[in-house]
Amino acid sequence: MAASVAEAVGSLLAELGVGHAFGVVGSGNFVVTNALRHHGVGFVPARHEGGAAAMADGYSRLADRPGVLTVHQGCGLTNAMTGITEAAKSRTPMLVVAADTAGAAVNSNFRIDQDGLVSSVGAVAERVHSAESVVDDVVRAYRTAVHGRRTVVLNLPLDIQAAPADDVAPPAVIAPAPVRPAHEAVEELAGLLAAARRPVFVAGRGARTAGPEVAAVARRSGALLATSAVANGLFAGDEFDCGISGGFASPLVAELITEADLIIGWGCALNMWTMRHGALIGPDTTVVQVDDDLAALGRHRPVDLGVLGDCRATAIDLLAALPDQRDGYRTAAVSRRLGERRWWNDTPTDDLGTVDRIDPRRFSTILDRTLPADRVVAVDSGNFMGYPSAYLRVPDEHGFCFTQAFQSVGLGLGSGIGAALARPDRLPVVATGDGGFHMAVSELDTAVRLGRPMVIAVYNDAAYGAEVHHFGVEADVAAVTFPDSDIAAIARGFGAAGVTVRRPEDLSTVATWAEQPTGVLVIDAKIVSDGGSWWLAEAFRGH
Ligand SMILES: Cc1ncc(C[n+]2csc(CCOP(=O)(O)OP(=O)(O)O)c2C)c(N)n1
Ligand SMILES: [Mg+2]
């Protein structure tokens, strides 16, 4: 017999199959968190709810189960709101178990309108209403999160939590069938593909589970393959993989995409980031979007054909409808050009490095070849972010964690810790600016406490570089520049190893560490200012 509703909630979530939990425990979420733990759900105690929220988000993106964030009522939830907003905007299937004040506790210090707060950022507010409805309430929240792909905040009022509950078990929860595309839509798309000479596929988050099928259609129809940033790695190893489409694309890849006569977005919004505000779409290019969400079709740009369908189901149907194999864009010449200049790493750029500051591109190129390829890369936000995104190669779609839907600085370290728990077989590599590092620094304690190998690469320009470059050196940038901080020393204070990199040869310490990775390695890369990274100029056009 479960003794209380709080315990029932923990056991129900565990039985439904949630993965890992993260949080900061206070009196309001103590019992439910322990119930999760006692029913086999691992729990990472974080140092700040903001970090914990990013951990649950990062975990949920890369694991095959939803992650859980558990927070104290009121201030525990407000501290977590930025990470919850990122998750909600990214449609991360994740559960937030939030204690809430009792309905009658109108004068509680912790009282806020939790439903209103979370709804305002696009998360779904759910609630355990009573001991009698606890199973229904928890199952509804779980299904909305997992099958509806939403970030759900399940509020647990303290009085309801304490109520006695019967022994509970969840009913069978069966996933809905994928949306099958209309036959006519598949025929239409097959016709467009058969007529295309230079088709390019851009796969997004919605195609992350359809990689082999979409790639098979590309091979049959002669299409090049690219992804949005969040689906980075999906086609790694394919001869005609172009990597990330959009601001991070190499000059060659941008050129190839721009010359496409047909672009198909697979589970991809084709938004301003992925399409460079439309600059990657030629004037005569036909644009198609495949998505299982009606609201996504044509949301960011006009499309010539919108196909309502699950990516995998659509690719399978399309393969059956396509005539014989065509070379299309998959020519020997394109293969050779991609072989030479597919990545920024292979694209010559000036070395801006000085005696005491390293060029971020040089740093990223060396880091890429120094660290093991079996990695999961998590990227914070800022001017620097194009370097790790474009230069640190990832093995597949489970190797990249990109939390940019809210464009918040400070989520990289937390999401990297979550990603590390989702992929314990891989080396987690967190890339962050000095601003994002200092914002999230309390979770360095959590990273060290995990006791696992992890690399935190800090692109340290002693500035909120994005803002410096946005306003220009002519502006008064005193509010966004800082005295240099010794991040390697800070790291050592937390129990991590810290190295300072000023020149390429300083990375030899990283190479030594990488031979036998143990514990957390923080790299304080003193980078030279790049005058505003290549992708940033692009990004600011959208604001
Ligand atoms: C939470 C939050 N606060 C402020 C901003 C505005 N902002 C965008 S980039 C940036 C600077 C980040 O600095 P750093 O992490 O050092 O990266 P850099 O731009 O220097 O590469 C700031 C403050 C933001 N996006 N998110
Ligand atoms: Mg900076």
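Residues are numbered from 1 along each chain as its sequence is written, and chains are lettered from A and ligands numbered from 1 in the order in which they are written. In this predicted model local features need pLDDT of at least 70, side-chain atom pairs count only at pLDDT 80 or more, and totals for chains, interfaces and linings use all residues, while side-chain values use heavy atoms, with hydrogens and water left out.

Student: Which residues are the protein donors of the magnesium ion (ligand 2)?

Tutor: Donors are N, O and S atoms within 2.8 Å of the metal (3.2 Å for Na, K and Ca); water is not among the atoms, so sites may look incomplete. In sequence the donor residues follow the spacing D-x26-D-x1-A. Lying 2.1 Å from the ion, they are Asp434 (OD), Asp461 (OD) and Ala463 (O).

Student: Is Ala463 buried or exposed?

Tutor: Buried means under 20% relative accessible area, exposed over 50%, and partly exposed in between (1.4 Å probe, protein chains only). Because its relative accessibility is 9%, Ala463 counts as buried.

Student: How far is a polar backbone atom of Ala463 from an oxygen atom of ligand 1?

Tutor: A polar contact here is a pair of N or O atoms within 3.5 Å; within protein, one must be able to donate a hydrogen and the other to accept it, and residues adjacent in sequence count only if both atoms are side-chain atoms. For Asp461, a polar side-chain atom lies 3.2 Å from an oxygen atom of ligand 1. For the backbone atom of Ala463, the distance to an oxygen atom of ligand 1 is 2.9 Å.
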